[in-house]
Amino acid sequence: MADKTDEKKVTPRSQDFAAWYNDIILKAELADYSPVRGCMVIRPDGFGVWEALRDELDRRIKRTGARNAYFPLFIPQSFLQKEAEHVEGFAPELAVVTHGGGKKLEEPLVVRPTSETIINHMFAQWVRSHRDLPLMVNQWCNVVRWEMRTRLFLRTSEFLWQEGHTAHATREEAERETLTMLEVYRSFVEDYLAIPLVFGRKSAAQRFPGAVETYAIEGLMGDGRALQCGTSHFLGQNFAKAFETRYLDDANQLQYAWQTSWGVSTRLVGAIIMTHGDDQGLRLPPNVASTQAVVVPIWRKADEGDKVLGAARAAFEALDKAGIRARLDTREGVTPGFKFNDWEMRGVPVRIEIGPRDVASGEAVLARRDKSGPEAKTKASLTGIEGHVQKLLGEIQQNLFAQAKAASDANTREFADYAALAKQMEGEGGGGFAVVYWCENPACEEKIRVETRATCRVIALNQSVAPGKCIVCGESATERAHFAKAY
Ligand SMILES: [Zn+2]
């Protein structure tokens, strides 16, 4: 039998970040490769993370007034052609159904890459007067974008997401909704997933096809590359005009609706792995851990077993009753060391070790996953163990954010000199956020992209900086932008 401990090891993060990332996903059993190229099988441990984050985000979305609905997977191909930029943007990655029931279809059907078109088709029928507005729907579903180069959770041909779509009577109201959702995403990802972010407006080159303005939240991953974690689009009247989504205003005049759309996807699971994982494996923020605490009973002699198991079961029940998502690891035939490594790999925030001496002294050892070495372990009384664990889970949630924020801040730099920026982006190890003055001329952005592979990630909102000079052309620039190599 192979040494199970070695089998469980991941490639060191510093050695090969991409291999480390894949190792964690496979060994922590979050996802697996699919027989269909570019697709992904999400396993129960990975889906548990998605469910936890989905449930909380769903609550937050509903609090803004949006309600869930469902629109079909198939969209008539002609719908996509109605908005010129939209079809141009999505054409290269569409999956198209040409046959059904053994017959060639009269009109090919597109497997939704996003649902602006079909939702607008329905909105146009549902919206009659200003009293029908605002109309705010959200749907949780899968979408398909044919990808040539795929990475589990980060870029797959099919992925899960939510897409919100709203229609409003005025431009101001739609713009406000776009920013409201940006803030919902920012606070959710920072507070709940413990991932520090930068956020703001996208450059024209990075805008959603068909949008007037795109806003995004972006996190800096452990390898110095940025990951777009969510977007919120102000669509103006582009889709309303293409689909005749109109309403009668107070004065009985027909007006086009103003719209938004916004979404986050299973990519967030990838962001959690890359932000928090270490060389022992996954580290899950307690909020989204499907197992928040695991109780591991430890004994050698048969006569110790009953007492230890009894105390472990009592601890598990106390945790469970207190609403903590707990597991009791009674597996036989594997060593405690194997179990420790296994739960560390799976990212469980707190491990509770209970041995014969602990039972005698009425205590347990609490090991926290966010720290290592001696400072990771503390003793706590078995009586009221749930209170100790609850408090520890809160501390771990805070500490994971603090650790990630420190790493992100340490890899964020201001540059006034183009050569220094280019040098920072060099090689696989180069990266991080570069904060630079940029004149917003697409030619300057393109030069940076071609020469350094860094792209404009966001232009922060409400900047109060003195005017400066574009890092590329030297022309005057009123705002600074975050550039980075990105996923
Ligand atoms: Zn410039």
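Q: How many cavities of 30 Å³ or more does the structure hold?
A: First, a heads-up: this is a predicted model, where local features need pLDDT of at least 70, side-chain atom pairs count only at pLDDT 80 or more, and totals for chains, interfaces and linings use all residues. Residues are numbered from 1 along each chain as its sequence is written, while side-chain values use heavy atoms, leaving out hydrogens and water. A cavity is a set of points, on a 1 Å grid over the protein atoms alone, where a 1.4 Å probe fits but cannot get out. With a cut-off of 30 Å³ or more, the number of cavities is 2.

Q: What is the volume of the largest cavity?
A: Lining residues have an atom within 4 Å of a point, and for the largest cavity they include Ala28, Asp45, Trp343 and Val348. Grid points are joined across faces, edges and corners, and a volume is the space filled by probe spheres set on the points. For the largest cavity that comes to about 100 Å³.

Q: Which element gives the most residues to the lining of the second largest pocket?
A: A pocket, unlike a cavity, is an open set with protein on both sides within 12 Å along at least five of seven lines; the second largest pocket has about 310 Å³ of space. Its lining has 20 residues, with Glu344, Arg351, Arg368, Lys371 and Ser372 nearest the centre. Helices (H or I, at least four residues) and strands (E, at least two) are DSSP runs numbered from the N terminus, and those giving two or more residues here are helix H11 (336–345), strand S17 (350–354) and strand S18 (363–368). The top contributor, with 4 residues, is H11.

Q: Which cysteines coordinate the zinc ion?
A: Donors are N, O and S atoms within 2.8 Å of the metal (3.2 Å for Na, K and Ca), and sites may look incomplete since water is not among the atoms. Along the sequence, the zinc donors follow the spacing C-x4-C-x25-C-x2-C. At 2.3 Å, the SG atoms come from Cys439, Cys444, Cys470 and Cys473.

Q: What geometry does the site of the zinc ion have?
A: Four donors count as tetrahedral if all angles lie between 85 and 135 degrees; four count as square planar and six as octahedral if opposite donors are over 155 degrees apart and all others between 65 and 115, and anything else is irregular. The 4 donor atoms here make angles of 106 to 117 degrees, so the site is tetrahedral.

Q: Is Cys444 buried or exposed?
A: Buried means under 20% relative accessible area, exposed over 50%, and partly exposed in between (1.4 Å probe, protein chains only). Cys439 at 23% and Cys473 at 36% therefore count as partly exposed. Cys444 has a relative accessible area of 5%, so this residue is buried.

Q: How many disulfides are there?
A: A disulfide is a pair of cysteine sulfur atoms within 2.5 Å. By this rule the count is 0.

Q: Which cysteine has the sulfur nearest to that of Cys229?
A: Cys229 counts as buried because its relative accessibility is 5%. It takes part in no disulfide, and the nearest cysteine sulfur, 16 Å away, belongs to Cys456.

Q: Which are the edge strands of the 11-strand open sheet?
A: Two strands pair if DSSP finds at least two bridges between them. The sheet has mixed pairing and runs in the order S3-S7-S8-S14-S11-S10-S9-S22-S25-S21-S20. Pairing on one side only, the edge strands are S3 (67–68) and S20 (412–414).

Q: Which residue in S25 stands opposite Cys456?
A: Strand S22 (residues 455–460) runs antiparallel to strand S25 (residues 480–484), joined by 3 bridges. S25 is largely enclosed by the rest of the structure, because 4 of its 5 residues are buried. Thr455 has Ala484 as its bridge partner in S25, while opposite Cys456 stands Phe483.

Q: Which residue in S22 stands opposite Arg201?
A: S22 is mostly covered, with 5 of its 6 residues buried. S9 runs antiparallel to S22, and 2 bridges join them. Opposite Arg201 stands Ile459.
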